[in-house]
Amino acid sequence: MSITQNYKLNLIQWYPGHIAKAEKNLKEQLKRVDVVLEVRDARIAQATSHPQMNEWVGTKTRILVLNRVDMILPQVRSRWIEWFKNQGEFPYFTNAQHGQGVIAIAKAAQAAGIELNQRRTDRGMLPRPVRAVVIGFPNVGKSALINRLIGKRVVESAARPGVTRQLRWVRISDHLELLDAPGVIPARLDSQAAAIKLAICDDIGEAAYDNQLIAAAFVDILNELQETHSHSLPPHPLLTRYDLDSIMHTGETYLQVLAEHRYKGDVERAARQMITDFRKGFLGNIPLELPPG
């Protein structure tokens, strides 16, 4: 039985109207864009892949950015590089919050612009700045990346996913203009497993979900990874943090035992604390996905 088969299909409810509107606006603006910067969360590099991305990008240059590289171990990063290389892709890894890897992104976007302007010149047209758009799920770090590219804070960031609403062009340099797009989530996700990982990582936007089910799913995913890929995780993250190992328990049972152990039997509090500790990195550098195969 897979980790998520025992969860209800309507576990996560989302798709508020502003995201539908954002998607419509985005499709309009994409006609004017030369380069797409697709930002994903390095902890869930596949779950944060938007199913319509290829359709949106079409023949444009796409630069794949895996943000939050500081939240996975170096060996996990190496495995993703190898896996993407086999798919014919080159991922750029960033920690946008601290600026790591951002210069390489700017250079890649500008390199695409050089090609574009060469084609314009060949057709007797004047060169212009390359127009890039930053697309990704809510809260994967798009605003932080744009702020780093510009070198000053101009894009509103907030802990609440999906806060960026309006589309706007921002001039980075004489060679590059950026369109900041709101977090765009699909109308529906066929994979409930992906939806759960998005919720655990807080990358799902203004969705409604049950903290206890999400925390239990997190423990189940962690237990499975500890059994199959322990070298890709810090040793015994839950034992280290809570003095209580999860490996003997299902996620649901562990949550109840943890609540008794530390939170006076308050299961909701235990669930919220665990999810928060994971999101803040207090459990160590834990990926929820590894490359297939």
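**Close-up A. Strands S2 and S3 run side by side in this predicted model.** S2 (residues 61–67) and S3 (residues 91–94) pair in the parallel sense over 4 bridges; two strands count as paired if DSSP finds at least two bridges between them. Helices (H or I, at least four residues) and strands (E, at least two) are DSSP runs, numbered from the N terminus.

**Close-up B. Aspartate 41 and arginine 68 form a salt bridge.** Their closest N and O atoms are 2.7 Å apart. Aspartate 41 sits in strand S1 (residues 35–41) and arginine 68 in the loop between S2 and H3, so the pair ties together parts that are 27 residues apart in sequence. A salt bridge here means a side-chain nitrogen of Lys or Arg within 4 Å of a carboxyl oxygen of Asp or Glu. Aspartate 41 and arginine 68 are both buried (under 20% relative accessible area; exposed is over 50%, partly exposed in between; 1.4 Å probe, protein chains only).

**Close-up C. Glutamate 289 meets lysine 197 in a salt bridge.** The closest N and O atoms lie 3.3 Å apart. Glutamate 289 belongs to the segment after helix H10 (267–279) and lysine 197 to helix H6 (residues 192–200), 92 residues apart. Both of these residues are buried.

**Close-up D. Glu38, Arg40, Arg62 and Glu89 join up in a network of salt bridges.** The whole structure has 14 salt bridges.

**Notes.** Residues are numbered from 1 along each chain as its sequence is written. Local features need pLDDT of at least 70, side-chain atom pairs count only at pLDDT 80 or more, and totals for chains, interfaces and linings use all residues, while side-chain values use heavy atoms, leaving out hydrogens and water.
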